[in-house]
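Q: I am new to this structure and would like to learn how to read some of its features. Could you take me through them with care?

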Amino acid sequence: MKLHYVVFSIVMSLLKPFSKLPGLNTANILLVESEEQLQQPLADVLVEEATFTVNVRLAKTLPLPVENEESRPRIDLVVFIIHLSSELSLQSAEASLKHLDSGYFLGKVCFMVTNARDASVPPERLDAVRKLAASLQSPLLFAEDQTPNGLTTATERLLTILKGAAGLVPMATALYLSNLTRYSLPFDIDQPTFD
Amino acid sequence: MTEEVLGGLAPTQLSGAAQGELMDLCEQQFAQLEKLQNEIILCESDFSDSPQEQSVNRLIATEAELKQWLSTEPELLAENSEVLLRAGKAEMLKLCSELEMVFSCSEAKRDKLRETKVCEEKWLEDKTQVLSAAMNHVERLKMEKEKLSEQSVLKDTKMKIEKMKAYEESLMDCLGDILEKHIPHPQNGASGYKKTKNASTEPEEDLISLGEILEQLMNKVLETPHDPYVTIDNTFWPPYVEMLLRYGIAVRHQENNFKIRLETFC
């Protein structure tokens, strides 16, 4: 009995996509961002724009604290927000990925890159993010966080994916959608550029 | 999915029978959902967690889903006609609003295309005009070319040369007339002056007229352009030389005071 409990707690530290019952007409999205800059504005717009009930949960890193385990709803989509201007942002996201159940990678994870327009960003970092998204077969979105328009666009994209991931679209599943939206690596990413 | 669609529709105006039927359906669905949920929690995931195996996981899952879709029988909605009517109406309204959006979108697109068409037509008209103008020009040039033969060009040039010669002649005549009228030969004009004022100096007999001085200067410029200077000798009447210099018709040599040349008029 005791052994079973230990196993249980280890399993629970891993975020699972199907560990809880879904709510009616509800979608839950988890925004993971180590900088905590884009999370809050994005969450506000997400709740505002959605035509269904959206619960937005914010986290700096994974794993999520065990105390809230009971009250936490089923997470339908995990979004990793990566600031391209900092190496730490990418490293933090990579570390957090280990605390996700592999079931999430079947269409319930999405990467959102921001600050990509900054000229000082080394191109290798963007390549690293692209490789990460491609290896996890997840969609890669680019967001402009400086303008309200960019924020709305990012929100619309997230909501589209979220709707599919939460099962609110008849005849579509998260896996089916993600087979179409996952990021596939361009062939020339490892080729040297000549410019 | 069905549960949610019907749940969203469950209205208060429905008759008790219809409502009951819907509730039954919902409960069936929810029970099914709970059963599946428990199965999921209990079953051991045979997926590996390493990211390298993600594509394998995805393939397995996609294949399973495909199998599921293939074996799924389409389910009918509730049999109650009231419910069907509601669902159908909602679906129709949704379809209508979607079609309206498509319509307005295509209308906007059509208007834009119309604008583009007007622009393009104007552009085409402009280009056609340019083309026709260019064609006219080409035509005219062709006709001129046909008209012009080698002989006619020669004749033309000859005529121009003749014209120039006649013009030069008239210019020279004019100059000669002016000189004769206003600037007399020094010997004739100066003789009276000298006799009265300065009889001591011998009047020089071989003085030349201003016209001749100018002629010498001009000839020198034309014959030896590299050395246009003419030496002043005693045949040049000094007042005339002075006059030429003063009015900027002639220029003195920078090093040799006895040499002058014609000013470069051009």
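Predicted model: local features only at pLDDT ≥ 70, side-chain atom pairs only at ≥ 80, totals over all residues.

Q: At what angle do helix α3 and helix α4 of chain A pack?
A: Two packed helices are described by the angle between their axes and the distance between the axes. Helix α3 (residues 87-97) and helix α4 (residues 123-135) of chain A pack at about 15°, and their axes are 11 Å apart; helices here are DSSP runs of H or I with at least four residues, strands are runs of E with at least two, and both are numbered from the N terminus. Axes are lines fitted to C-alpha atoms, for helices over the stretch in contact, with angles running from 0 to 180 degrees between N-to-C directions. α3(A) and α4(A) are therefore roughly parallel to each other, a term for angles under 35 degrees, with over 145 roughly antiparallel, 65 to 115 roughly perpendicular and the rest oblique.

Q: Which residues make the contact of α3(A) with α4(A)?
A: On α3(A) they are Glu87(A), Leu90(A), Glu94(A) and Leu97(A), and on α4(A) they are Arg125(A), Ala128(A), Val129(A) and Leu132(A), where contact means heavy atoms within 4.5 Å.

Q: How do the axes of α7 and α8 of chain B cross?
A: The axes of helix α7 (residues 210-223) and helix α8 (residues 238-246) of chain B come within 10 Å and cross at roughly 55°, which makes α7(B) oblique to α8(B). Leu210(B), Ile213(B), Leu214(B) and Leu217(B) of α7(B) meet Tyr240(B), Met243(B) and Leu244(B) of α8(B) in this contact.

Q: Which peptide bond is cis, and where is the positive phi?
A: Most residues other than glycine have a negative phi, and most peptide bonds are trans. A cis peptide bond joins Leu62(A) and Pro63(A), with omega about 5°, and Pro63(A) is placed in the loop between β2 (53-59) and β3 (77-83) of chain A. Glu36(A), a residue other than glycine, has a positive phi near 60°, and Glu36(A) lies in the loop between β1 (26-32) and α2 (39-49) of chain A.

Methods. Residues numbered from 1 in each chain as written. Chains lettered and ligands numbered in written order. Heavy atoms only, no water.
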